[in-house]
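Here is a friendly briefing to read alongside the model. Please keep the sequence and the 3D view open as you go.

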Amino acid sequence: MDRWIARLLFLAACSSTAVLAAIAIFIFKEGVPIMARSGLGNFLFGTTWAPLAGQFGILPFIVGSLLVTAGALALGVPLGVACAFYLAEFAPRQWVSVLKPAIELLAGIPSVVYGFMGVMWLAPLIRRHLGGPGLSILAASCVLAIMILPTIVGVSVDSIQAISRRYKEGALALGATDWQTLWRVQWPAARSGILAGVILGMGRAVGETMAVIMVSGNATQIPNSILDSARTLTANIAIEMGYAVGEHRQALFATGVVLFFFIMILNAIALRVARRRF
Amino acid sequence: MKTRSKGTMPVCTSLAVLGLLLGSGCSRSTGRSVTLAGSTAFQPFAEKLAERYMATHAGARVNVQGGGSAVGIQSALSGAAEIGMADLLQLPDEAKALSATIVARDGIAIVVHPKNPVVALSAEQARAVFSGKTANWKVLGGPDAAIRVISREEGSGTRRSFDKLVLAGEALAAGSLFQNSNGTVREAVASDAAAVGYVSVGLVNKRVKALKYNGVDPTNADVANGTYPLARPIFFLTRGALAPHVQEFVDYVLSPEAQGILEHEGLIRAK
């Protein structure tokens, strides 16, 4: 009996890996031939995306993904980490009981709702006050920054609370102020956990599609500023999927292959960082 | 946090797999059911006709799926759908093996923000605007503001028709923004005073202003009598001899009653 249950659990554990393997095999099978045919260099570093004319350069989308994600982190990480330190160290208990569920609730809002807010409210605001088309990298970064907050705050609060109380008590006993304790003692101790949270959030930002399609404008050229429109890798697949046949379709799978490596690199970094102790 | 996400993953995966299985089960055509797939521009109209058809023909089942004109051609070729829908000016070579029936026609209107003072574009002006050669509204008698071109994505039926009719071989402006449906193009234009885009005539409403093209207003009457040139046919694509129940549905769509519905909804009769 015990052995059967163990086998059943083993099967369950394998199923998710099998799904991953199936996905990987499928997108590689569909995507790699077109990368080989147009040349890996031309594919990764080409700047012209004209699939019906046989030009498949996805550099603008790689740049788009990097900029949108970097922007989201630049806005979201300071906010999220500050919020986590407040919740873990300074907030009165009744505030924590309101703030923490409220932040967790952010994770439950469907991305299309964020996108809708971005289109209706944020993009016109940016267009009016900062110029450009409004549907831009900045708009996408702002929306993503809010979307990744729950991940960053949640993981950061856990890792700050996991620090031994003795560190803090020792620092305070030595005459350090609250700020000195936070900056010199608690931040270094919680840093690896917080970094893991940031990288989880980064994974979410890279993968987000719906909200980004709605607010980034989806232009196919390399952006010159954060007020320009850009298209991310995920958005490229989702937008053109419905109409793509033949080589065009393969090129979208190849975009998926690039995205696959993107995410794998991020996950590898995340595992490294989470394992490291300071 | 970590344990929770690990716990929900297999559940999500199995739900997704279940969804796929159910989805493929539904789309498989059995018995008297007819499956249509393709053009997202025609999809809402096809759904309306399917509803009416099923209400008046007991036992008939009509499934309407989107996916885009390319999917319409593919699924008609592969047999995944009895009828493929495509809204293309010219059918591509791979559709040679299919028989095509024009079921309606649809005009394409060039639209701007209602506050934009520009009211008309000649064919040359339109080509210059969409190819990026004219980059400021001032040139066309509008305000001193950069023109923001909003287009459909590469491969879309509306886009292909527009490319052929208006751009005529020139490339779209490099900095164009893209929206992936007629409706979102309209919303993007409605919210941006410097934008210009193109949508189905049936989708023009008072949130945007349709421009005259070569001096002709994009009205259905003018598309129907041929004076407004920006229009494309909507095809039903089928392969080989039709089963009686499929033929019956195609006949229904071409009947005066169904054509009247299409006209009422903003399309143009096939004949």
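This is a predicted model: local features need pLDDT of at least 70, side-chain atom pairs count only at pLDDT 80 or more; totals for chains, interfaces and linings use all residues.

Residues are numbered from 1 along each chain as its sequence is written, chains are lettered from A and ligands numbered from 1 in the order in which they are written, and side-chain values use heavy atoms, with hydrogens and water left out.

**Chain A at a glance**

- Chain A holds eleven helices and two strands; helices (H or I, at least four residues) and strands (E, at least two) are DSSP runs, numbered from the N terminus.
- Read from the N terminus, the elements of chain A follow the order α-α-β-β-α-α-α-α-α-α-α-α-α.
- The C-alpha trace of chain A spans about 70 × 65 × 30 Å along its principal axes.

**Two domains in chain B**

- Chain B splits into domain 1 (11-104 + 233-269) and domain 2 (107-224), with bounds that come from an automatic or database domain assignment.
- The C-alpha centres of domain 1 of chain B and domain 2 of chain B are 29 Å apart.
- Ten residues from domain 1 of chain B and 13 residues from domain 2 of chain B take part in the contact, where contact means heavy atoms within 4.5 Å.
- Between them, domain 1 of chain B and domain 2 of chain B bury about 890 Å², with 58% of it on carbon and sulfur atoms; buried area is the accessible area (1.4 Å probe) that two parts lose on being put together, summed over both.
- Across this domain interface of chain B there are two residue pairs in polar contact, both at pLDDT 80 or more. A polar contact is a pair of N or O atoms within 3.5 Å; within protein, one must be able to donate a hydrogen and the other to accept it, and residues adjacent in sequence count only if both atoms are side-chain atoms.
- On the side of domain 1 of chain B that touches domain 2 of chain B, the residues are five nonpolar, four polar and one charged. Here Ala, Val, Leu, Ile, Met, Phe, Trp, Tyr, Cys and Pro count as nonpolar, Asp, Glu, Lys and Arg as charged, and the others, Gly among them, as polar.

**Where chain B meets chain A**

- This contact takes 28 residues from chain B and 25 residues from chain A.
- About 2300 Å² is buried between chain B and chain A, 60% of it on carbon and sulfur atoms.
- The interface of chain B and chain A has five residue pairs in polar contact, both residues at pLDDT 80 or more.
- Helix 3 (69-78), strand 6 (148-152), helix 5 (157-167) and strand 7 (177-179) of chain B each supply at least two residues of the side that touches chain A.
- Helix 3 of chain B gives the most to that side, with four residues.
- The residues of the side of chain B that touches chain A comprise six nonpolar, 14 polar and eight charged.

**Strand 4 of chain B and its partners**

- Strand 4 (residues 99-112) of chain B runs antiparallel to strand 11 (residues 231-238) of chain B, joined by eight bridges; two strands pair if DSSP finds at least two bridges between them.
- Within strand 11 of chain B, Phe235(B) stands opposite Ile102(B).
- Strand 12 (residues 268-269) of chain B pairs with strand 4 of chain B in the antiparallel sense over two bridges, and Ile268(B) is the bridge partner of Arg105(B).
- Strand 8 (residues 195-200) of chain B is antiparallel to strand 4 of chain B, with five bridges.
- Val111(B) stands opposite Gly197(B) in strand 8 of chain B, and has Ala210(B) as its bridge partner in strand 9 of chain B.

**Salt bridges**

- The count comes to 18 salt bridges over all chains, a salt bridge being a side-chain nitrogen of Lys or Arg within 4 Å of a carboxyl oxygen of Asp or Glu.
- Glu265(B) and Lys48(B) form a salt bridge (3.5 Å, N to O).
- Across the interface of chain B and chain A there is one salt bridge: Arg127(A) pairs with Asp192(B), with the closest N and O atoms 3.6 Å apart.
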